[in-house]
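Trainee: I would like to go through the ligand site of this model with you, step by step.
Mentor: Then let us look at the structure together and take the questions in turn.

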Amino acid sequence: MEDRVEGVTREPYRMEGLPERVTVYEVGPRDGLQNESAVVPVEVKAEFVARLAAAGHRVIEATSFVHPKWVPQLADAAELLTSMERAPGVRYPVLVPNERGLDRALEHGVTEIAIFGSATETFAAKNLNRTLDSQFEMFAPVVSRALEHGLKVRAYVSMCFGDPWEGPTPVAQVVEVGRRLLDLGCYELSLGDTIGVGTPGHVTALIEAFGGPEKLAVHFHDTYGQALANTLAALRAGVTVVDASTGGIGGCPYAESATGNLATEDLVWMLHGLGVETGLDLNTLVETSTWLAARLGRPSPSRVVQALS
Ligand code: HMG
Ligand code: MG
């Protein structure tokens, strides 16, 4: 697919040491919508997910089975899963923190889930109502039961670079928490820069501290404008799965300094410019963000969406 851009010729220029292809793990319907003040009707969410699949996405994190009082924006998770269409070949993971969430997800035919751990004590308390250590007691039965049911389980580790209450997160602490999450039986670990404070050298050091990119994905929020630079550092370190959110919406309601995610369109602009395949159609993505922005009542934060729409 060719990106149609008026007045700009898009000849790819490759850089050494980059993958041929990157999987964009789309988190807009979950990380994006969980942080919106506008209540988005379930029909709009279903259409959003369908539009993302039509743009070429093959992984779309659809919603969360967390406590509905903790994240009211996604309290309609069951309704969404009942009403939304599933496109062939597309995966629709959902966030699940505990066994109650897993039961709800299983009732709705979910085949992939993601657990979400914290690298810091304070965020474990604020986001999960658990201590750093006791979060694993909550996750362990979720992962083992999910695997028994044949589900794929991804893990996130949040606050990988810094935490608004504790300051910089020691690299060794992130590796320890991340390893413990992977050891539960997760197929992938997404390194979350929840508040967007990481910089490229730090990203490289963290991936090296894990012993290389195997099983790692990256999840950058763009609070300090570092998300694309950090992504490039991760790609050069061998990572091939990058989380991003339509139009750059997103954030975490339990970390006020968490603003939007890396915008899918900004990521795709860079990847296609580097000759890295994504399978995504940039123009359909931009149309989707423009359509969504009208429903959310605010312009898309993505620079590429602003430039092209
Ligand atoms: P808790 O209050 O400790 O829960 O919350 P509990 O286990 O004590 O249960 C209390 C009651 O809640 C019980 O009901 C449970 O059944 C019910 P009762 O018996 O009293 O009637 N309950 C539930 N109901 C529905 N669904 C559930 C559920 N669980 C319990 N799943 C809990 C603990 C983990 C549930 C809560 O803290 C929570 O929901 N947290 C989620 C917060 C969240 O969603 N944050 C945003 C996502 S994380 C993120 O954005 C970061 C990420 O993007 C990566 C990055 O950027 O770094 C992933
Ligand atoms: Mg996030």
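**The shell around ligand 1**

Mentor: The residues of the shell around ligand 1 divide into 11 nonpolar, 11 polar and five charged, where Ala, Val, Leu, Ile, Met, Phe, Trp, Tyr, Cys and Pro count as nonpolar, Asp, Glu, Lys and Arg as charged, and the others, Gly among them, as polar. This is a predicted model, in which local features need pLDDT of at least 70 and side-chain atom pairs pLDDT 80 or more, while totals for chains, interfaces and linings use all residues. Residues are numbered from 1 along each chain as its sequence is written, chains are lettered from A and ligands numbered from 1 in the order in which they are written, and side-chain values use heavy atoms, without hydrogens and water.

Trainee: Which helix gives the most to the shell around ligand 1?
Mentor: Helices H1 (28-32), H4 (99-107) and H5 (121-128) and strand E5 (152-158) each supply at least two residues of that shell, helices (H or I, at least four residues) and strands (E, at least two) being DSSP runs numbered from the N terminus. The one that gives the most, with three residues, is H4.

Trainee: How far is an oxygen atom of ligand 1 from an N or O atom in the side chain of threonine 194?
Mentor: A nitrogen atom of ligand 1 lies 2.8 Å from an N or O atom in the side chain of arginine 104, and for histidine 221 the distance from a ligand oxygen atom to a side-chain N or O atom is 3.0 Å. For threonine 194, the distance from a ligand oxygen atom to a side-chain N or O atom is 2.6 Å.

Note on methods. Polar contact = N/O pair within 3.5 Å; in protein donor to acceptor, adjacent residues only side chain to side chain.
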